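Please open the model in a viewer and keep the sequence panel beside it.

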Amino acid sequence: MPTNPSPGSVRPSAVVNEEIRALIRSCGGWLYGDARTRYERLVEEWTLAVAAERRIDVVKAA
């Protein structure tokens, strides 16, 4: 399983999204216990990554 990023660093949303998909595939679509906790952390990380990428896009457009 990939290591958690250090505080303040953000992995690209596409990388996190692929990890989410792999986790769901590995569980057969059923997320319980540790898998559910991992999924929730990944979704939170993905949300932060998307927000960071959008901020970068806005700065580039300005």
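Helices here are DSSP runs of H or I with at least four residues, and strands are runs of E with at least two, numbered from the N terminus. By that definition, this predicted model contains 2 helices and 0 strands.

**The whole chain.** Begin with a surface or cartoon of the entire protein. Of its 62 residues, 23% are buried. Among contacts between residues at least 6 apart in sequence, 52% join residues at least 24 apart.

**Helix α1.** Next, select residues 13–26, which form α1. This helix of 14 residues reaches 20 Å from its first C-alpha to its last, close to the 20 Å expected at 1.5 Å a residue. Now show the side chains of Ser13, Val16, Glu19, Ile20 and Leu23, which are the buried residues of α1. Viewed down the helix axis, the buried residues fall within an arc of 125°, so they line one face of α1. Turn to the other side of the helix, where Ala14, Arg25 and Ser26 are exposed.

**The nonpolar core.** Which residues make up the largest nonpolar core? Select Val16, Ile20, Leu23, Leu31, Ala35 and Leu42, the 6 residues of that core. Two elements each give two or more residues to the core: α1 and α2, the latter spanning 33–61. The most comes from α1, with 3 residues. Centre the view on Ala35; beyond its neighbours within four places in sequence, Ala35 is in contact with Leu23 and Cys27. As general background, nonpolar side chains in soluble globular proteins tend to be buried together.

**Salt bridges.** Switch to the charged side chains. The structure holds 5 salt bridges.

Select Glu45 and Arg11 to begin. Their side chains meet in a salt bridge, at 2.7 Å from N to O. This pair links distant parts of the chain, with Glu45 in helix α2 and Arg11 in the segment before α1, 34 residues apart. Are these two partners buried or exposed? Glu45 is buried, since its relative accessible area of 13% falls under the 20% cut-off. Arg11 is likewise buried, at 17%.

Move to Glu18 and Arg25, which form a salt bridge whose closest N and O atoms are 3.0 Å apart. Glu18 counts as partly exposed, at 41% relative accessibility. Arg25 counts as exposed at 55%, because exposed residues are those over 50%.

Then select Glu40 and Arg36, whose side chains meet in a salt bridge at 3.2 Å, N to O. Both residues lie in helix α2, 4 residues apart, which is about one turn of the helix. Glu40 is partly exposed, at 43% relative accessibility, and Arg36 is also partly exposed, at 38%.

Key
Residues numbered from 1 in each chain as written. Predicted model: local features only at pLDDT ≥ 70, side-chain atom pairs only at ≥ 80, totals over all residues. Heavy atoms only, no water. Core = buried A, V, L, I, M, F, W, Y, C linked by side-chain atoms within 4.5 Å. Buried < 20%, exposed > 50% of the residue type's maximum accessible area, 1.4 Å probe, protein only. Contact = heavy atoms within 4.5 Å. Salt bridge = Lys/Arg side-chain N within 4 Å of Asp/Glu carboxyl O. Expected span 1.5 Å × (residues − 1). Arc of directions from axis to C-beta.
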